[in-house]
Amino acid sequence: MSFSQSMKKLAAGVIASSAIVYSGAVMAADTIKVGVLHSLSGTMAISESTLKDTVLMMIEEQNKKGGVMGKKLEPVVVDPASNWPLFAEKTRELITKEGVDVIFGCWTSVSRKSVLPVVEELNGLLFYPVQYEGEESSKNVFYTGAAPNQQAIPAVDYLINDLGVKRFVLAGTDYVYPRTTNKILEAYLKAKGVAADDIMINYTPFGHSDWQSIVSDIKSFGSQGKKTAVVSTINGDANVPFYKELGNQGVSAEDIPVVAFSVGEEELSGIDTGPLVGHLAAWNYFQSVYNDSNEKFIEQWHAFTGDDKRVTNDPMEATYIGFNMWVKAVEKAKSTDTDKVADAMIGIETPNLTGGMAVMNANHHLSKPVLIGEIQDDGQFAVVWETDGLVKGDAWSDYLPGSKDLISDWTAPVKCGNYNTKTKSCGGAAAE
Amino acid sequence: MGYRFSQTLVAMLVMLLTCVSWAEQALQDTTVPPQTEQGLNSGTDMMDADESNRVVAPPTINEILDQLTSRSFDDKEAAIRQLANQNNPRVIPLLNALMNRELVHNRKDDTIALGEKQDGQWELRDPTTEEVVGHVDSRAARPVVINNRLRTVINNQLALSGLNDPDSDVRYQAAGQLIGNDDPEMLTALGERREQESSQRVLDQIETALNIAALQSDDLTARLNAIDALSGNLHPEVKNSLNSRLSVTDNASETRALEQALKKIDARISTFQTADTVFFGLSLGSVLLLAAIGLAITFGVMGVINMAHGELIMLGAYTTYVVQQLLPNSHEWSLLIAIPAAFLVSALTGILIERFVIRFLYGRPLETLLATFGVSLILQQAVRVIFSPLNRTVITPEWMSGALEINPVFSLTYNRLYIIFFALAVFLALLTLLKRTRLGLQVRAVSQNRTTARALGIRSERVNALTFGLGSGIAGVAGVALAQLTNVGPNLGQSYIIDSFMVVVFGGVGNLWGTLTAAFGLGIANKLLEPMAGAVLAKIIVLIFIILFIQRKPRGLFPQRGRAAEE
Amino acid sequence: MSALDNLRETFRRDQVFDFMRQGTRAVAPGQLDSGAGKNILYLEDITVSFDGFKALNDLTMYIKTGELRCIIGPNGAGKSTMMDVITGKTRPDSGTCFFGQTLDLTRLSETEIATAGIGRKFQKPTVFPEHTAFENLELAMNDAKGTWHSLFTRMSGEQKSWIEETLAQVGLLDDRHKVAGLLSHGQKQWLEIGMVLMQKPQLLLVDEPIAGMTRQEVERTGQLLQSLAGKHSVVVVEHDMEFIRSIASTVTVLHQGSVLAEGTMDQVQNDPKVIEVYLGE
Amino acid sequence: MRDSTFKGALSDRTARTFMGVLFGATLLVTLLNQIFPPDSALHVSAYTVTLLGKYLCYALLALALDLVWGYCGILSLGHGAFFALGGYAMGMYLMRQIGDRGVYGNPELPDFMVFLNWQELPWYWHGFDQFWFAALMILLVPGLLAFVFGWLAFRSRVTGVYLSIITQALTYALMLAFFRNELGFGGNNGLTDFKDLLGFSLQSDATRVGLLIATAVALASAFVLCRWITGSKLGRVVLAVRDAESRARFVGYRTEHYKLWVFTVSAILAGLAGALYVPQVGIINPGEFSPLNSIELVVWVAVGGRATLYGAVIGAILVNYGKTVFTGVMPEAWLFALGGLFVAVTVFLPQGIVGLVSQHWERLRKRFVKTGDTDDTPAAQGEHS
């Protein structure tokens, strides 16, 4: 009996829950809802909570300007808690329950992969602001971060042309972004005539903290006479001990420079950069870039967070660009309907924070400049090299056998995320 | 003589080059290929340029410096070389200033000055006279950006001057910097230095450098002597230059000599590399030991599964951070304060946990596991709320950074070295505490048999609190050490908790020596496996080994009798 | 059901375990060649030492079939250790311990020894606290003990009545549905004895059966034990001389891990060595 | 004394009430979702359906843990591993179902293998295109792992804390292993972007409802199974092993066999839960192996109340519902809440919510009801470790 009573409680609970859940589904007509899907707890909170604040800041600014099409923007923030299935669930919640018109969110590839089927099913709109491995182009997703050809390849070019590097260590955390990037780089380097035994590839688990052996391997690999550099796709937390070990084993940037793709101002703010001066990073944006729009953005950011030590970084710029593009697209389409906006998005231009214009291409990737910066002792980067003009984001890498024939073009007549130029057919799920 | 001439020549060429480059500022974009060709053709038209520009007066330091306002690194390099060639007392300080980003580009009048950040403003000084020339706000001026190439140039220049420094360490560094450098200017400098050098180690460096250069000489005997002198020399440059020589030489005797020399070098290298691996193992072991030893107390002696142990370590690390914040300009010794501070913070937290949670759960270890896990979540989130989820910077003091270089291939990094000693010190301290002191006696008594101990009038309540406090405190101390190696962030604890449990269980619960053996054993095993299996696989293998080992000996390496063992 | 049978066959744990046992074999109760008059238990030069301290020191002792043997001795004489050796809880460092002619107890596990027909009542009554008295006896009942059997088995009428009888025998009929944890100390003692009986053992080891019992309870326990003798062999460890006298039988005095004296109560009590030891305390 | 046969378990009141409520709720949601059009006020969104489905999977998992922990006293901190293995088995089937609809349109290889340019399918992927095979593996793989692991552990009498810790080590090792891309399970990204299950599109509401119902049925049957086990003599022996293992040995039970049996059955149930979980949440990745998940799972059971079966189910659903609400409303507070829950339950409510409720209920009933009918008093908790 005690039992049956508690079961009744349970039943009540279930029904109550469904009631609550559905009650949210009533949409407010006079505002445009903007979903924010970034982890605020768990391991990824470190990076993602910043982007949440960025979106909120942008929304605030936009509302100051009177919102979009006369409607105020209303942020809806949820916490997927660095739990991948939860990302999918929360996306569904945002779209069906909250009825948001656009979602800004995700950081890790796996979270995006988990969200992808949901946004496609519910025909939502997702802006993904982080550099990633490419090999994807969805009708419902706009990728405002860098594709490998907007980060990895120019960086390697710089190493070869400017620093005369002949030997490469490709060190990465063992997940899809480094794996793919390194595959691409390996192919690219070989195409450039780098011998196979001048390339060393090494993978480590997430949060790897004991780098002694690997760094000493790199050291001996680098002491073979030819100029050596490390191309690092090491992720987040593992970087601090990595750089510390480099510093302690006396690997200076002059001997073996490390060029990183996942180390930005935010990550450096957790490191004593004294010993790291001269190591490199390749991004599409650095806080130290000097121009008015950036200065203004930084001021806004400091004002918004009430902390003038808070740094800005590349994913924030990507968010900034994505948001402004979305606003423009909505006003161009005069509607928040996904398909209309998605069509309007293509070709939209908004200023980026490095003094140029960002362009949204037909493959849902941006054209951006590529900058290479050297770490300075104040935790900032000093730009030492820059592509002249913009680099067009490439959804499908030309250096991977699987995808060299694939292109993505969401404009008529192709309208396909993975169009095979050989078979002239749109193979696979992303097709309409 | 001709040397001086060529010097002035270079100076003038460079001036011309910069004029050209200014004229072409518009065309000057920062992409590399155009730049290099820019460098080249300006190089060619320099040749005829110098004919016409003989008469130009030598530029002042400031004029040279102002070329650094250019965005092109080639210009900057030229300027630096030119600057270095002035024999002027200001050169070295200015080069250093450039290295330390104290030379700033004043955007107002497009000049270079010595700058110092003072409350959001730049205080600008004249490069030569060092007198204050004015203040501008932080945006109006930017430090001159240099890249690795320029750093190398500057370092070489500094090294050149360092060769004659009174301090032998500086000379040693300088000579080391110049090894493998075939710039004739450098070599002559080295040659001059060799004559008057007194310190042996500096002399060795210089010899190495010169011998490497000698490998390229046309005189066979000179080469053979050089090879002979270099054989067994571990400096990486040596091996490379020998190898490259081997690839070009056609002389049989030289080839033989080279091969012998290389064989000797390789043999030495391999021995030192094994030594290296062992050191890595020890160092990993010491980390495990630090992380686990506190647990050995709370788990081993008290039979409490403290899942919050990792977070106590984390607290210790954050304490280190806070202490450094409180003593901003004494990073060298703030660690010494952090250690007791961390101990207290964690110990107090531990005592609180014991008083408010664990006290009710004695004799129910599995319940303590759950409760303390809850505590760990709370502590983590608390830290997130207080310090933000971002990692915190803990500065490594000078005396802990760098490495003790035994030879070019074998060097022990100081922080690891200290941490090994530190871990052992903590271990011994704990051991004596338990064996020698009254508290230790009581602790052991309680751990053996609670009721009897109580009967003997030991206030086991108090003892429990203190023991737990002790274990936690040590966790805190471990945190101080780990802060030197890894991230100080909310997840610091989680990454160590499982390993620590493995160590304790593997070593045998309640047996400190077991913990010691296990920690170093696992550490070294891990490092020996890593090269062949890779980091992840090595860890997995070790884990599986432990699981199987526990099947064979459920009580670990050194089983212990007593209450904890009966759970 | 046939599918289930196959499943059962494939999942037979005991089958899996067979090849793991080194040379020992499970023994079904009853198959034990020990005719009357012969000894049922042979302990020969058993030595057990816990880091240095010898709990048993060349202990040699025989128990006849059907006899009621009392064992006395000061604390630390090794009484409980002896029982541990017999029941396989402790392995002797040296010496042999045979149950009947063939079974080397030192090579069997507790479980095998129990199934072979040795029941033990512990010094501190250990029953299953969460189960009712009835269930305790059911669990102890001499019956197939495999997992799948216990999953599908249902209690037969006679099994029920047998349990009821035993409950009556140990005077717990009225409390049969009481959770064992809530029984009084004395009742627990009996319940445990009852459980031992349900095992249908040839040899009962009874460790301090009357601790914490009232007079009447003590008497009933005495009668119970005596009634058991004959059908079973019973070994009783007790401090209480009165009690031992009351169940008059052969007495063995242990001291420092070996037999000091053996005989009737009177013989033993007048033995100078024994007196010396006991006054020595 | 309950009728200890399977039919008995099926017909006993607890099981009937349980199934009543369970199917009631499921049916309600189903109808609300299927009958009413999306815009109607009474419509229940697919979101709610999958959410409920997820809860039920967790409930099944909790049930499995309760069987080993509550009844056998084995605190496994590795049950997440069995859950995840079941999940991966199902995930592999779903991956193969995608066929050439992957982004590379490769009929043989899943996408992640293509862009890591693997040449052919690893041997252990073969067969997973057949549902029956996958289904078999779903039960077999976790079961086998549990059997081998348990056999080693219980035979050498690893108990209590030690067991808990090595189970944790087990799941930790598996997590590290599955994070490796070389292993061929998609590394950190795991398996995702599923298309359909047995030909039903996973995107359609009907399939979702179907999965929900399937989960409900699975949970119900698992519940009955557990009731049967715990009601049988085997259940009583297991309880005896929990409370006084050495006694159980001395009355002639091979306690290690019993532990192993229960451990394995429980692992199989966990695997089943995982298999039902994956198609509903749409992704399986090594995160599921993380020791934290397994510990959290323990708390569900503790909150609900150990050794009551339904306690575990209630606990799982309540805690996860709380999680859903909290992470929506005040994310920062969630971990505080969860942590507090751990402490509070272990220190103040050793018997969990069910214990609390039943105590009050008993008191009330004593006051009002005359006839003392002793059915369904949840087995009191002992301090066993």
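In this predicted model, the secondary structure of chain C comprises 12 helices and 10 strands. Chain C has 281 residues, of which 44% are buried.

A run of strand pairings in chain C can be followed from one strand to the next. Strand β1 (residues 39–50) of chain C pairs with strand β4 (residues 94–99) of chain C in the antiparallel sense, over 5 bridges. Within this pairing, C:L41 has C:F99 of β4(C) as its bridge partner. β4(C) also pairs with strand β5 (residues 103–104) of chain C, again in the antiparallel sense, this time over 2 bridges. Here C:F99 stands opposite C:L103 in β5(C), so that C:F99 takes part in both pairings, given its place as bridge partner of C:L41. The hairpin formed by β4(C) and β5(C) has 3 residues between the strands, and one of the residues to look for there is C:G100, with a positive phi near 65°.

Turning to chain D, helix α14 (residues 331–348) contains 18 residues. From first C-alpha to last, α14(D) reaches 26 Å, close to the 26 Å expected at 1.5 Å a residue. Its buried residues include D:P331, D:W334, D:L335 and D:L338, together with D:G339, D:L341, D:F342, D:V343, D:V345 and D:T346.

Elsewhere in chain D, D:L152 lies in helix α6 (residues 131–155). D:L152 counts as partly exposed because 17 other C-beta atoms lie within 10 Å, whereas 20 or more would be needed for a buried residue. The C-alpha atoms of D:L152 and D:L260 are separated by 9.6 Å, although the two residues are 108 residues apart along the chain.

Chain D also meets chain A, with 57 residues of chain A in contact with 59 residues of chain D. On the chain A side, the elements giving two or more residues are α1 (2–23), α3 (84–98), α4 (109–122) and α6 (176–191). Of these, α1(A) gives the most, with 15 residues. By class, the side of chain A that touches chain D has 27 nonpolar, 18 polar and 12 charged residues.

Key
Residues numbered from 1 in each chain as written. Chains lettered and ligands numbered in written order. Predicted model: local features only at pLDDT ≥ 70, side-chain atom pairs only at ≥ 80, totals over all residues. Contact = placed C-beta atoms within 7 Å. Helix = DSSP H or I, 4+ residues; strand = E, 2+ residues; numbered from the N terminus. Nonpolar A, V, L, I, M, F, W, Y, C, P; charged D, E, K, R; others polar. Buried ≥ 20, exposed ≤ 12 C-beta atoms within 10 Å, placed from the backbone. Expected span 1.5 Å × (residues − 1).
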